[in-house]
Amino acid sequence: MTAFAQALDVVFIDPNLSTPALYQQAGIGVEQALRVMRRSPDRMVEFGAARLVSDSVVLDVRISDCPELAAGDRFEIAGEVFVVQGTPQRDRERLVWTVELLPWWPDPHADVTG
């Protein structure tokens with residue numbers, strides 16, 4: 001393990017910098033507890049001739065915690081459920097995923113009777 005990877009582990013453990021989350025691959029199966037770094041930057045969105053400011057949710061996640069992160073995977077953070085939008089991006093050192101999230105809404109037509 002490199003010194004950078006060790007330092008990154010310390011950052012992700014720090015409760016002032018990271019937050020607990022539950023990760024679920026493809027929205028099915030067993031949830032995995034991990035820590036993430038959450039950001040909510042404003043994004044400029046163009047709609048026709050208008051430029052609008054939109055909220056967003058961006059996570060940094062250690063690749064070692066979820067090496068196969070992909071679009072459609074879910075995260076639950078403080079009771080809110082989000083789904084991964086688009087392709088996650090890795091940092092230069094291949095230690096951290098950066099991923100954009102959208103709020104997840106259950107399918108009202110899904111059969112919940114099992």
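Predicted model: local features only at pLDDT ≥ 70, side-chain atom pairs only at ≥ 80, totals over all residues.
**Around D60.** The residue is part of strand β5, which covers residues 57-62. Show its side chain together with that of R39: the two make a polar contact at 3.2 Å. Then display what else D60 touches, leaving out residues up to four places away in sequence: F12, V36, M37, V96, W97 and T98 join R39 on that list.

**The core.** Next, select V36, L59, L69, F75 and L101. These have the most contacts inside the largest nonpolar core, a set of 17 residues. Colour the strands to see where the core comes from: β1 (19-24), β2 (32-39), β5, β6 (74-77), β7 (80-90) and β8 (96-103) each supply at least two of its residues. In soluble globular proteins, nonpolar side chains tend to be buried together.

Centre on L69. Beyond its neighbours within four places in sequence, L69 is in contact with Y23, F75, V84, P88, W97 and V99.

**The ring pair.** Keep Y23 and F75 on screen. The structure holds 1 aromatic pair, and Y23 and F75 form it, with ring centres 5.2 Å apart and planes at 45°, a tilted arrangement. Because Y23 sits in strand β1 and F75 in strand β6, the pair ties together parts that are 52 residues apart in sequence. Colour both by accessibility to finish: Y23 is buried at 5% relative accessible area, and F75 is buried at 1%.

Methods: Residues numbered from 1 in each chain as written. Heavy atoms only, no water. Helix = DSSP H or I, 4+ residues; strand = E, 2+ residues; numbered from the N terminus. Polar contact = N/O pair within 3.5 Å; in protein donor to acceptor, adjacent residues only side chain to side chain. Contact = heavy atoms within 4.5 Å. Core = buried A, V, L, I, M, F, W, Y, C linked by side-chain atoms within 4.5 Å. Buried < 20%, exposed > 50% of the residue type's maximum accessible area, 1.4 Å probe, protein only. Phe/Tyr/Trp six-rings, centres within 6.5 Å; stacked < 30°, edge-to-face > 60°.
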